[in-house]
Amino acid sequence: MIAILYREELKEYDFGPGHPFRGDRYQIFPRFLKEKLPEDDNYRFLQSEWASDEDLLLICNKDYIDFTKGYYKAANLGLSQDGRFYQFHSPDNRPVGKPGKLEEAARLIVGQDKMAADLVQTGVYKKAVSIGGGMHHAKPSYGEGFCIYNDVAFTAKHLIKKYDLKRILILDTDAHAGNGTAEYFYEDPRVLFVDLHQDPLTLYPGTGFAHQIGEGEGKGYTINVPMPPYAGYDSYKSVFEEIVQPVAEEFKPQIVIRNGGSDPHFADQLTSLGLPIKGFRMIGEKVREMAKICDDKVVDLIASGYNKEVLPHAWLALISGLADFKIEIKEPVTIPERFRRDPSLKYTKKVIQDVKRNLKDYWRVF
């Protein structure tokens, strides 16, 4: 039995008509999940409260919170735009037309993650999934990449502050590098940040190279794995077997936080990776296996994906692998010929060697 944190109000995380990130994903997925798998003894939908200003101050500067709250409230009401927007946010966070209640929904996501972390850390549930979590581009005073508040960073900082955890593993499997999360913990040895993402030479945000391994006391605790374009099932499996699992066993985390949705899929509209649906189940399975190190404790954060036909299947595949749900999830779109075998495996093997070479002085397994 796993906990799934979800409220209908998540649909307000919507940047408006024509923007790639719309709130309907938070209506599509719960409906799909209930059709495919009843709650019964499988999962429980739970509702959290919204994060307070005090919660947000754990990860954000006050002037950023104040501006963001006022700006998005005005945007939702169709009022004039504040000229300081670009001081605090990138153009891709600018709403189009009439957006939803974005800032309130962003607070809800942080609130859900807080509750998920508490449920898992106190043993009420072994695993908790926060639908909408994983806003990994946001920084203390700057929102970007459709992300307003970095709930991934919040989850780790909350666990450190409230439970005095010393070893947290964050695994980011979103197709885009988690540049915001990386910055929060770049010098912090309490957080091992492992980030599998499309080669930053070919995709936003343009960071997350294999040589970026942390600084100061945190050197060696950031592990970037830049996946070559079209990398598919065999590539991801190799990275888990040669990098993620061995380093997790050496680090011995007290809890695993994973974030990422469906955008590594071969049919995603914003990315160029090659993962099929069975690859998402495999990621969930690998996380479940890895979590045996830390008494099965996992907080899983799922939000991304830009092909709405694929999104619910990939999200359910991730959760099914994590929770060991024995249901069949079919590929919703035809697999193109070039993806029937992993076209990038030999390039991925080179990346794996680069990663190991950069980190061999910090980890015995390399």
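Trainee: In this predicted model, where is the place of Tyr71?

Mentor: Happy to start there. By its relative accessibility of 4%, Tyr71 counts as buried, because the cut-off for buried is under 20%. The element that holds Tyr71 is helix 3.

Trainee: What covers the buried residues of helix 3?

Mentor: Let's list what has to be covered. The buried residues of helix 3 are Tyr64, Ile65, Phe67, Thr68, Tyr71, Tyr72, Ala74, Ala75 and Asn76. Their cover includes helix 2 (53–56), helix 4 (85–88) and helix 5 (102–121).

Trainee: How many Å does helix 3 reach from its first C-alpha to its last?

Mentor: Helix 3 runs over residues 62–76, which is 15 residues. At 1.5 Å a residue the expected reach is 21 Å, and the model comes close to it. From first C-alpha to last, helix 3 reaches 21 Å.

Trainee: How do helix 8 and helix 9 run, roughly parallel or roughly antiparallel?

Mentor: The axes of helix 8 and helix 9 (residues 277–290) come within 11 Å and cross at roughly 10°. Angles under 35 degrees count as roughly parallel, so helix 8 and helix 9 are roughly parallel.

Trainee: How do the residues of the contact of helix 8 with helix 9 divide into nonpolar, polar and charged?

Mentor: Let's name some of them before dividing them. Helix 8 contributes residues including Tyr233, Phe240 and Val244, while helix 9 contributes residues including Met282, Ile283 and Lys286. The division is eight nonpolar, two polar and five charged.

Trainee: With which residues is Gln245 in contact, leaving aside its neighbours within four places in sequence?

Mentor: Gln245 sits in helix 8 (residues 233–251). With a relative accessible area of 15%, Gln245 is buried. Its contacts, apart from neighbours within four places in sequence, are Phe240, Lys286, Glu289 and Met290.

Trainee: Is Pro200 buried or exposed?

Mentor: Pro200 lies in the loop between strand 5 (191–198) and strand 6 (222–227). Not counting residues up to four places away in sequence, Pro200 touches Gly206, Thr207, Gly208, Phe209 and Pro226. Its relative accessibility is 7%, so Pro200 counts as buried.

Trainee: Which peptide bond is cis, with omega near 5°?

Mentor: Stay in the loop between strand 5 and strand 6, as that is the place of Pro205. The cis bond runs from Tyr204 to Pro205.

Trainee: What is the relative accessible area of Lys252?

Mentor: Lys252 lies in the loop between helix 8 and strand 7 (255–259). Although Lys252 is not a glycine, its phi is positive, about 55°. Lys252 is partly exposed, and its relative accessible area is 49%.

Trainee: Where does Asp295 lie?

Mentor: Asp295 has a positive phi of about 60° although it is not a glycine. At 46% relative accessibility, Asp295 counts as partly exposed. Asp295 lies in the loop between helix 9 and strand 8 (298–302).

Trainee: With which residues is Thr348 in contact, leaving aside its neighbours within four places in sequence?

Mentor: Thr348 is found in helix 11 (residues 345–359). At 1% relative accessibility, Thr348 counts as buried. Beyond neighbours within four places in sequence, Thr348 is in contact with Met227, Pro228, Ala231, Ser235 and Val239.

Terms used:
Residues numbered from 1 in each chain as written. Predicted model: local features only at pLDDT ≥ 70, side-chain atom pairs only at ≥ 80, totals over all residues. Heavy atoms only, no water. Helix = DSSP H or I, 4+ residues; strand = E, 2+ residues; numbered from the N terminus. Buried < 20%, exposed > 50% of the residue type's maximum accessible area, 1.4 Å probe, protein only. Contact = heavy atoms within 4.5 Å. Expected span 1.5 Å × (residues − 1). Axes fitted to C-alpha atoms, helices over the stretch in contact; angles between N-to-C directions. Parallel < 35°, antiparallel > 145°, perpendicular 65-115°, else oblique. Nonpolar A, V, L, I, M, F, W, Y, C, P; charged D, E, K, R; others polar.
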